[in-house]
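Please look over the sequence and the structure below before reading on.

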Amino acid sequence: MVLLPVPSPAAENAAQRVQRLCRELSDALDEWTGGDFMAEVFPASVVLEGFKPYAFDQRRYALDPTRRVLIDCARQFQDLRERDA
């Protein structure tokens, strides 16, 4: 995994922040459950009182090794694109 410098919050727009936080959540899910669970995150403005703005669910399928390699390659490519942007 290639770690890129994180821009200051003031330099990020909303879309950049969502993308960064999603990637961090994705990495954290791998560390936390070994990739066995997925997360759903809802906008705070639509969450009903008393409910959490997120949910965890056991993944309905396991990624085969080939798909894991493809996903890793896609992430590395995205890192390079973001770095060169």
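## Cysteines

Cysteine 73 is partly exposed, at a relative accessibility of 45%; in this report, buried stands for under 20% relative accessible area, exposed for over 50%, and partly exposed for values in between, with a 1.4 Å probe and protein chains only. Cysteine 22 is also partly exposed, and its relative accessible area is 47%. A disulfide is a covalent bond between the sulfur atoms of two cysteines. The criterion applied here is a pair of cysteine sulfur atoms within 2.5 Å, and the number of disulfides by this rule is zero.

## Basis of the model

The model is predicted: local features need pLDDT of at least 70 and side-chain atom pairs count only at pLDDT 80 or more, while totals for chains, interfaces and linings use all residues. Residues are numbered from 1 along each chain as its sequence is written, and side-chain values use heavy atoms, with hydrogens and water left out.

## Overall architecture

The chain contains two helices and two strands, where helices (H or I, at least four residues) and strands (E, at least two) are DSSP runs numbered from the N terminus. Along the sequence these elements follow the pattern α-β-β-α.

Of the 85 residues in the chain, 9% are buried. The chain exposes about 7300 Å², of which carbon and sulfur atoms supply 60%; accessible areas come from the Shrake-Rupley method with a 1.4 Å probe, and for residues only the protein chains shown count as cover. Among contacts in the chain with a separation of 6 or more, 33% join residues 24 or more positions apart, a contact being heavy atoms within 4.5 Å.

## Salt bridges

How many salt bridges does a search of the whole structure find? The search finds four, with a salt bridge defined as a side-chain nitrogen of Lys or Arg within 4 Å of a carboxyl oxygen of Asp or Glu. One of them joins the side chains of arginine 20 and glutamate 12, at 2.6 Å from N to O. Arginine 20 is partly exposed at 23% relative accessibility, whereas glutamate 12 is buried with a relative accessible area of 11%. Glu12 and Arg20 also belong, with Glu24, to a network of salt bridges.

Another salt bridge pairs aspartate 79 with arginine 23, at 3.2 Å from N to O. Aspartate 79 lies in helix H2 and arginine 23 in helix H1 (residues 14–33), so this pair ties together parts that are 56 residues apart in sequence. Helix H2 covers residues 65–84. Aspartate 79 is buried, with a relative accessible area of 10%, and arginine 23 is partly exposed, at 25% relative accessibility. The two side chains also make a polar contact at 3.2 Å; this term denotes a pair of N or O atoms within 3.5 Å, where within protein one must be able to donate a hydrogen and the other to accept it, and residues adjacent in sequence count only if both atoms are side-chain atoms.

A further salt bridge is formed by the side chains of aspartate 84 and arginine 83, at 3.3 Å from N to O. Both partners count as exposed: aspartate 84 has 57% relative accessibility, and arginine 83 has 53%.

Leucine 25 is located in helix H1 and is partly exposed, with a relative accessible area of 30%. Apart from its neighbours within four places in sequence, leucine 25 is in contact with Ala39 and Val41. The C-alpha atoms of leucine 25 and alanine 39 are 8.4 Å apart, and the two residues are 14 residues apart in sequence.

Threonine 33 also lies in helix H1 and is buried, at a relative accessible area of 16%. Between threonine 33 and glutamine 58 the C-alpha separation is 9.7 Å, while the two are 25 residues apart along the chain.

## A nonpolar surface patch

Which residues form a nonpolar patch on the surface? The members are Trp32, Phe37, Val41, Tyr54 and Phe56, which together have about 530 Å² of accessible area. Patches are made of residues with over 30% relative accessible area and no salt bridge; like charges are joined within 9 Å, and nonpolar side chains (Val, Leu, Ile, Met, Phe, Trp, Tyr) within 5 Å.

At least two residues of the patch come from each of strand E1 (37–41) and strand E2 (54–58). Tyrosine 54, in strand E2, is partly exposed with a relative accessible area of 38%.
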